[in-house]
Amino acid sequence: MSLRASNGDEPDPEAIEQAASILGREPFFVDKRGYECELVAAAIQSPTNRLVYVESRAKKRWWSSIVDITIKIHYIDTNGKSSAVDIESYNPFFGCDVGMIEWINDYTALLIYREKHWTFVYRIGDTWPPHFAKIDERWSIKDDVLSFMAYKADVVQRLQIPSLEPLADVPVSEAETDGSLPPVPYLR
């Protein structure tokens with residue numbers, strides 16, 4: 001049984017390697033306590049080397065079938081100060097599929113991931129703890145607006161980026177016309 005937390009598409013291996021180098025470690029290793037530690041996804045803000053990454057730590061308990069697992073969002077600022085917070089998750093055992101992790105300006109990174117039931121967007125870097133919002137699996141970003149919609153919805157919900165402040169919903173036809181209609185996830 002794999003204890004790795006990312007069960008979706010492969011993350012950017014170059015960003016993960018760079019992040020591991022900044023952290024002075026390997027992207028995947030087993031720590032002294034027997035936990036498998038894996039960099040799931042990462043984004044580096046050049047030239048400051050501020051870093052945002054998602055890491056899983058997992059260990060199968062020897063006396064049972066229980067797997068102790070956590071998935072955290074980490075932020076390292078320009079002074080090297082590290083902060084971490086657990087992701088929002090129904091159950092971290094089911095992992096998280098990172099759809100996007102990147103710096104959108106000099107101070108703010110966005111993380112969008114899907115866990116077993118829900119999709120979340122996090123705003124990281126300019127505030128701590130990070131702000132987050134629950135969105136739908138079908139999402140896209142255009143002109144500093146995150147658009148998302150539920151299955152068979154007739155409106156597209158929107159959030160301003162980077163604030164994550166809600167904007168007025170728009171009809172699907174309007175989003176289709178202006179090019180902001182979120183694609184179907186499996187066609188992304």
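Helices (H or I, at least four residues) and strands (E, at least two) are taken as DSSP runs and are numbered from the N terminus. By this definition the protein chain holds two helices and 13 strands. The radius of gyration, taken over C-alpha atoms, is compared with a globule rule of 2.2 Å times the number of residues to the power 0.38. For the protein chain the radius of gyration is 17 Å, close to the 16 Å that the rule gives for 188 residues, so the chain is as compact as a globular protein of that length. The model is predicted: local features need pLDDT of at least 70, side-chain atom pairs count only at pLDDT 80 or more, and totals for chains, interfaces and linings use all residues. Residues are numbered from 1 along each chain as its sequence is written, and side-chain values use heavy atoms, with hydrogens and water left out.

Along its principal axes, the C-alpha trace of the protein chain spans about 55 × 40 × 25 Å. With contact defined as heavy atoms within 4.5 Å, residues 24 or more positions apart account for 42% of the contacts in the chain that have a separation of 6 or more. Residues are classed by relative accessible area as buried (under 20%), exposed (over 50%) or partly exposed (in between), with a 1.4 Å probe and protein chains only. Of the 188 residues of the protein chain, 39% are buried.

Accessible areas were computed by the Shrake-Rupley method with a 1.4 Å probe; for residues, only the protein chains shown count as cover. The accessible surface of the protein chain is about 10500 Å², and carbon and sulfur atoms contribute 50% of it. For charges, Lys and Arg count as positive and Asp and Glu as negative, while His and the chain ends are not counted. Each charge is placed at NZ of Lys, CZ of Arg, CG of Asp or CD of Glu. The chain has 20 positive and 29 negative charges, whose mean positions are 8 Å apart.

Asp143 lies in the loop between β10 (138-142) and β11 (145-149). Although not a glycine, Asp143 has a positive phi of about 50°. Its relative accessibility is 65%, so Asp143 counts as exposed. Asp144 is placed in the loop between β10 and β11 and has a positive phi of about 60°, although this residue is not a glycine.
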